[in-house]
Amino acid sequence: MKDITTRTDQAKVSLASQMDAILVELKSIGNNPRLSCNKEDIRGLRSATFYSPIFKEFGLFNSDYHVFCTNLGPRNFKLFSSIVERIEASPSRRTVALVKSHTLGDRAFLVFYKGEKGIGVSGLAPPKRLGSYVDRWLTSGYAYQLTLGKQMVVSNGADIEGLILDKQVRTLDDWSMSLAVYLPERYYWQMYQSMWPCIILFAVFLFVLLSAIHWSFLYYRRSLPQCIKRAIRNNAMEVYFQPIVSLNENSTHELEALIRWHSPYHGQVSPLSIVEVSERLGLIDDLTWLVIRKVGAFYRQNADLLKDIRISVNVDRHSLIHEDFAPTLAKVMDEWPELKGRLGLEVTETTALNSIELPIMVSRFEHIKALDIRLSVDDFGTGYAGLDFLRRFPYDTLKLDQVFIASLKDDQFTRQVLTSVTKLAKELNMEVVAEGVERKDQLEAVRELGVERVQGYYFCRPLPIDQIIEWLVAEQARKSRL
């Protein structure tokens, strides 16, 4: 008898504590919002819903009790008059209700709180969430009923119909809740049975727990592709920009757009991993369109600053072979007219093209050039590109890989090869860019080759949008002083 009293009190404390935590969560949302429903408000409600351990939906209501915004978007309906009366009668401006939920497909537990500024917030949650705070204190032998007003919220009262040895009732008047806990006679006698069932149950529980930990670990290891997939679909990845510096002071610089992403679960994910996973999931084209559209938005938001600056985006050669690549690219160019005459594609290499793919690639390049888009061969010399490759494809720029730049000073053979390649590129009217220049001696070495455009940490690392804008402004100021 003492055990049921103790457990009932503990269940009440746990339930009351949870209800107080619910109110704190609602206050954090309700005391802040503006009387609007713009994208920022919806995004904030979605974020609160995503991180809430209880609520599946949030909504804001004004001083007239009209719901005007939820995490699902704008709304316009008035709360029931009975709910309004309870809110106004409550000293703490709060109340609860049970409603039929289309979101959860069953009855839902709805909490209302009207903030100090007149703006209220409502939270929608499954009623079973409340029962979970009771279950943790009541063993399987105890039966209970949790009611809200005159309606039952949750119950495990299958054994209430038999002989009851004791009944404990606790109320939460502020929330119009009552908790009734029953001690069936059957459970009383089970306490004297053999301990073997408990041992078996413990073994099963341990097996389930270890299995859950094992599968959770496997899920964590395998969840990176799903996280990357969601980030691409939700346009959540960032684009950094690294300058391609012109050594000719009278010439403008260029930029290369580079993908960056910080996962909330995996931290900073390397661009190589993003590309590899995207290729495996068949999302490499979606990743390319994401970057190009962000470049278009960058141009649109900084039209004066970027009017004479070209920006290049990396694209895999096998993406270009796809039949719908060129038409989709044309649509994107129409969507972002700021890209016309400024966008460049850096063609990266993965595998060699066969005799069937080569003429297709030539045709794709012709379509792309017709859109006034410049083409660059990236990391020349490290993949399948060679002199014959340059002869077949109408590239505008050749980028020397940083592997060769790193050994340029000390390796005479590398110097001779790059001298020949640079000379050939200029004869083919191609610009040459040296990648990976990190030291002054490397800069002087590429100068001696006749290279006029340089990219690397010696000048600038890849920067987010706000920092690259500062860098470009500073460069323009420096040139104006010369």
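Me: What share of the chain's residues count as buried?
Reply: In this predicted model, 46% of the 482 residues count as buried.

Me: Let us look at helix 8 and helix 10. At what angle do they pack?
Reply: Helix 8, residues 284-301, packs against helix 10, residues 325-335, at an angle of about 20°. Their axes are 10 Å apart.

Me: Roughly parallel or roughly antiparallel, then?
Reply: The two helices are roughly parallel to each other, because angles under 35 degrees count as roughly parallel. Helix 8 passes helix 10 in a right-handed crossing.

Me: Which residues make the contact?
Reply: Helix 8 contributes Trp-289, Ile-292, Arg-293 and Arg-300. From helix 10 come Phe-325, Thr-328, Leu-329, Val-332 and Glu-335.

Me: How do those residues divide into nonpolar, polar and charged?
Reply: Five residues of this contact are nonpolar, one is polar and three are charged.

Me: New topic: Asn-235. What is its phi?
Reply: Asn-235 has a positive phi of about 60°, although Asn-235 is not a glycine. This residue is found in the loop between helix 6 and strand 11.

Me: And where does Asn-429 lie?
Reply: Asn-429 lies in the loop between helix 14 and strand 18. Asn-429 also has a positive phi of about 60° without being a glycine.

Me: Why does Asn-429 count as exposed?
Reply: Asn-429 has 70% relative accessibility, and exposed means over 50%. Asn-235, at 41%, counts as partly exposed.

Terms used. Residues numbered from 1 in each chain as written. Predicted model: local features only at pLDDT ≥ 70, side-chain atom pairs only at ≥ 80, totals over all residues. Heavy atoms only, no water. Buried < 20%, exposed > 50% of the residue type's maximum accessible area, 1.4 Å probe, protein only. Axes fitted to C-alpha atoms, helices over the stretch in contact; angles between N-to-C directions. Helix = DSSP H or I, 4+ residues; strand = E, 2+ residues; numbered from the N terminus. Parallel < 35°, antiparallel > 145°, perpendicular 65-115°, else oblique. Left-handed = near helix turned anticlockwise from the far one by under 90°. Contact = heavy atoms within 4.5 Å. Nonpolar A, V, L, I, M, F, W, Y, C, P; charged D, E, K, R; others polar.
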